[in-house]
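Me: I'm new to reading protein models and I'd like a close look at just one part of this one. Could you walk me through it slowly?

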Amino acid sequence: MLTLLWTKIKEALISVLPVTCIVIILHFTPLIKLSNYELIVFIVAAILLILGIGLFNMGADLAMQPMGEKVGSSLMKSKKVKIIVLVCFIMGVLITIAEPDLSVLASQVQDVIEPWILMMFVGLGVGLFLVLAVLKIIFKKDLSMLLMFFYMLMFAFTGLVILSGNGRFLSLAFDSGGVTTGPITVPFIMALGVGIAATIGGRNSKENSFGLIALCSIGPILAVLILGITIQGDIPFEDPKYVVSEDFWGTFFKTLGSVSKEVIIALVLIVVFFMIIELIFIKLPKKKLIQIGIGILYTFIGLVIFLTAVTIGFLPIGYKMGMEIATHHPAYMIVFGFILGFVVVMAEPAVHVLNKQVEEITNGGVTKRSMLLALAIGVGISIGLSMIRIVFDFSILYYIIPGYFISLGLSFFVPRMYTAIAFDSGGVASGPLTSSFILPFAIGACISIYGSANKVLNDAFGIVAMVAMTPLITIQLLGFKDVFVKRVKEKARLKKIIDADDEQIIHFM
């Protein structure tokens with residue numbers, strides 16, 4: 001087990017090292033002015049981040065994925081659709097309410113919406129769409145058509161929000177779809193899909209195991225758009241003024257305590273739910289339960305360290321980088337936005353869970369390396385485009401509408417498995433590091449350009465939605481490329497066969 005943990009930590013080191021090197025290099029340039037103390041805090045946070053990601057990935061392998069697969073397979077063996085629907089709905093609501101990323105988002109708009117109301121609406125949205133995703137697998141429905149229908153519905157509600165005068169609500173609504181697919185929900189929900197699809201079997205069982213995250217990301221957007229139609233008045237946003245605390249140890253232990261409470265609540269809800277299902281349906285041997293218990297402990301420690309490191313080091317440094325780079329030419333914002341997006345996605349814990357699962361299910365047909373590269377390019381482009389939106393101050397709809405139309409259009413020309421993987425990747429890429437490093441970077445840049453926080457909700461928010469959207473295009477383009485390469489190889493093979501037959505005929509003559 002120690003060998004496996006060391007392997008996970010080495011993988012985390014490779015993931016976190018690029019963004020750490022970028023910050024260190026910028027420290028010695030005129031672009032940003034970090035104090036030596038701030039740099040040291042950031043480096044300490046980076047070391048903790050590496051340890052946290054390694055422990056979390058270890059826990060996901062030992063606990064979260066096996067739990068999801070066992071729940072999915074045991075529910076299907078019961079062959080009772082009503083029970084499957086009820087369990088999946090409750091599970092979707094509970095794990096969403098427990099997701100730490102959602103709590104952070106809800107706290108930022110608490111002056112207008114009570115946090116528990118926002119979290120409950122989003123939880124209901126995820127619960128309903130998780131049920132739809134599971135029914136899609138059971139009845140073997142086409143994911144592309146479902147996505148087409150619900151995205152059209154989403155844009156219809158977007159129009160209603162604009163007509164209600166709450167257009168600034170749009171960025172928050174689209175961001176909610178990204179924050180709900182965080183490090184706790186992704187491993188569990190994806191494994192649930194694998195367990196259900198494997199139990200059903202069939203020719204397309206591998207393809208059917210994907211798509212749950214894609215559909216579950218739509219539910220929160222619709223839920224928050226509905227809230228946007230009903231809420232009257234503007235949404236205030238005050239300058240957060242993120243700073244590296246002078247009292248490092250005091251802030252560290254305070255953050256550690258608050259994060260621990262959030263993660264405990266999240267994991268307790270999932271564990272209690274799993275134990276109920278385990279006693280009624282699964283009934284695992286004691287040895288397997290002990291392994292899952294150890295995995296949950298790894299997951300808890302890893303997430304606590306990860307989120308603490310992000311809060312004390314990455315969040316304030318991201319904010320300061322945005323503030324100071326924006327004081328220079330806007331081109332610097334766009335270039336560094338792309339670079340940061342490219343490297344930050346490599347440090348997202350859930351991305352590695354998805355990439356590993358994709359490689360296993362496709363038997364190496366889609367490698368972790370190609371997936372990570374396509375995701376990194378997509379996220380880099382999304383951050384660069386978001387910086388352009390901050391500079392020129394226009395609605396996120398100018399990106400979202402054409403982006404989703406291109407994504408849905410590509411789904412008719414690439415293998416369906418790539419479409420399912422792509423739409424899952426969108427939700428996974430927008431994880432806690434995006435909301436805790438990239439979003440503060442955008443907020444800092446926005447405040448620096450406009451001198452106040454008035455434009456933040458409209459221009460800086462929406463960056464999580466952009467991160468969730470662009471991988472839909474890049475992953476499907478990866479599928480398009482693979483199809484093209486296979487056709488070229490088939491033509492080359494066919495030509496060799498024809499040429500060989502011609503040579504045999506000539507020789508016989």
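What should the 21 residues of helix 6 (residues 143-163) span at 1.5 Å a residue, and how far apart are its end C-alpha atoms? Once that's sorted, please tell me what else there is to see there.

Reply: Happy to. Keep in mind that this is a predicted model.

At 1.5 Å a residue, the 21 residues of helix 6 should span 30 Å, and the end C-alpha atoms are 30 Å apart, so the two values agree. If you're wondering where the expected value comes from, the 1.5 Å is multiplied by one less than the number of residues.

Next, look at which side chains are tucked away. The buried residues of helix 6 are Leu-143, Ser-144, Leu-147, Phe-150, Tyr-151, Met-154, Phe-155, Thr-158 and Val-161. Now turn the view so you look down the axis of helix 6: these buried residues fall within an arc of 150°, so they line one face of the helix. Here's the general idea behind that. An α-helix has 3.6 residues a turn, so residues three or four places apart point the same way.

What about the other side? The face of helix 6 turned away from the buried side carries Phe-149 and Leu-163, which are exposed. To count as exposed, a residue needs over 50% relative accessible area, while buried means under 20%.

Now follow the chain out of the helix. After helix 6 comes Gly-165, and its phi is positive, near 90°.

It's handy to set helix 5 (residues 115-138) beside this one and run through the same steps. Its 24 residues should span 34 Å at 1.5 Å a residue, and its end C-alpha atoms are 35 Å apart, which agrees. Helix 5 is followed by Lys-140, and there too phi is positive, near 55°.

One more stop, for a sense of distance. Asp-142 and Pro-402 are 260 residues apart along the chain, and 22 Å separates their C-alpha atoms. Pro-402 sits in helix 17 (residues 397-410). With a relative accessible area of 38%, Pro-402 is partly exposed, in between the two cut-offs I gave for buried and exposed.

Notes:
Residues numbered from 1 in each chain as written. Predicted model: local features only at pLDDT ≥ 70, side-chain atom pairs only at ≥ 80, totals over all residues. Heavy atoms only, no water. Helix = DSSP H or I, 4+ residues; strand = E, 2+ residues; numbered from the N terminus. Buried < 20%, exposed > 50% of the residue type's maximum accessible area, 1.4 Å probe, protein only. Arc of directions from axis to C-beta.
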